[in-house]
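Open the model in your viewer and keep the sequence beside it. This tour tells you what to select next and what is there.

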Amino acid sequence: MAEQQEPALPRHPPGFPVPAHLADWLGPLDWVDDSGPYLEGDLICPCGAWWFEFLYPGKTHKVEGWPEPVYPCEVQVPGQPGEYNYVFGVDAVCVACRRQVGVIDSKNSGRCWLGTKPNPRALDRSGSVPWKCSACGSLPHRGRIHYRLLEQEDFLEEFDGVCGIERWGDGFHWIGFTVIQCYACGHRVKNWTGHECD
Ligand SMILES: [Zn+2]
Ligand SMILES: [Zn+2]
């Protein structure tokens with residue numbers, strides 16, 4: 001008898017609020033109610049690998065009182081005068097299979113862009129360089145992601161006529177990295193970077 005190909009199981013139950021762009025890239029999620037729904041999980045490539053190069057716009061800044069020498073920050077791009085022309089993005093490139101995912105895109109993802117036409121990607125407009133471990137200079141890291149959602153009823157009210165509850169996970173108002181960890185030396189950077197989408 002011919003063996004039947006089992007369909008791949010989805011990573012998360014149907015209806016679970018996961019941002020669509022990360023649906024195949026997040027492991028099991030912890031769901032905490034912390035001033036509204038707050039979900040957190042490890043970034044895992046569809047191939048099963050956990051190690052990534054993290055691309056960011058290349059600009060950094062010091063954060064007073066924080067332990068790392070510098071952190072990624074948003075960057076100015078050409079645009080209309082009077083407009084807010086700062087963008088921020090983070091992509092992850094799997095070290096094992098080189099698949100790439102846009103984790104943060106300040107011009108497309110989150111609450112403020114839900115239901116609008118796609119814009120040119122922030123990271124494509126701002127250039128991208130891989131993050132180097134501040135302790136040893138290595139590129140591969142693993143990362144843990146979190147995002148904050150509106151309460152379900154607030155989401156339905158705000159996006160009435162735009163979409164239904166199936167896109168709840170795309171209406172996050174914050175997405176960020178809880179921690180990244182260097183593959184080579186184990187150095188950890190808590191709250192590496194994030195983006196508010198209000
Ligand atoms: Zn992979
Ligand atoms: Zn390192």
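Start with the whole protein. Its secondary structure comes to 2 helices and 14 strands. Helices (H or I, at least four residues) and strands (E, at least two) are DSSP runs, numbered from the N terminus. This is a predicted model, where local features need pLDDT of at least 70, side-chain atom pairs count only at pLDDT 80 or more, and totals for chains, interfaces and linings use all residues. Residues are numbered from 1 along each chain as its sequence is written, while chains are lettered from A and ligands numbered from 1 in the order in which they are written.

Show the C-alpha trace. Along its principal axes it spans about 55 × 50 × 30 Å.

Next, think about contacts (two residues whose C-beta atoms, placed from the backbone, lie within 7 Å). Among contacts between residues at least 6 apart in sequence, 60% join residues at least 24 apart.

**The hairpin and its partner**

Select residues 30-33 and 37-42. These are strands β1 and β2, which pair in the antiparallel sense over 4 bridges. Strands pair if DSSP finds at least two bridges between them. Zoom in on the pairs: aspartate 30 stands opposite glutamate 40 in β2, and tryptophan 31 stands opposite leucine 39. Now go to the turn. The hairpin has 3 residues between the strands, and serine 35 takes a positive phi near 55°.

Look for aspartate 42, which stands opposite arginine 144 in β11.

**The nonpolar core**

Which residues touch the most other members of the largest nonpolar core? Select Leu26, Leu43, Phe54 and Ile145; the core has 36 residues. Elements supplying at least two residues each include β3 (52-56), β8 (89-94), β9 (100-105), α1 (122-126), β11 and β12 (174-182). β3 gives the most, with 4 residues.

A nonpolar core is a set of buried Ala, Val, Leu, Ile, Met, Phe, Trp, Tyr and Cys residues joined through C-beta atoms within 7 Å. A residue is buried if 20 or more other C-beta atoms lie within 10 Å of its own, exposed if 12 or fewer, and partly exposed in between, with C-beta atoms placed from the backbone. Buried residues make up 33% of the 198 in the protein.

Stay on leucine 43. Leaving aside neighbours within four places in sequence, leucine 43 is in contact with Trp25, Leu26, Phe52, Ala92, Gly143 and Ile145.

**Two loop stops**

Select proline 120, in the loop between β9 and α1. Buried or exposed? Proline 120 counts as exposed because it has 12 C-beta neighbours inside 10 Å. Not counting residues up to four places away in sequence, proline 120 touches Lys107 and Arg125.

Finish at histidine 187, in the loop between β12 and β13 (188-190). Histidine 187 has 16 C-beta neighbours inside 10 Å, so it counts as partly exposed. Its contacts, leaving aside neighbours within four places in sequence, are Cys133, Ser134, Ala135, Cys136 and Cys182. Last, draw a distance from histidine 187 to cysteine 197: their C-alpha atoms, 10 residues apart along the chain, are separated by 29 Å.
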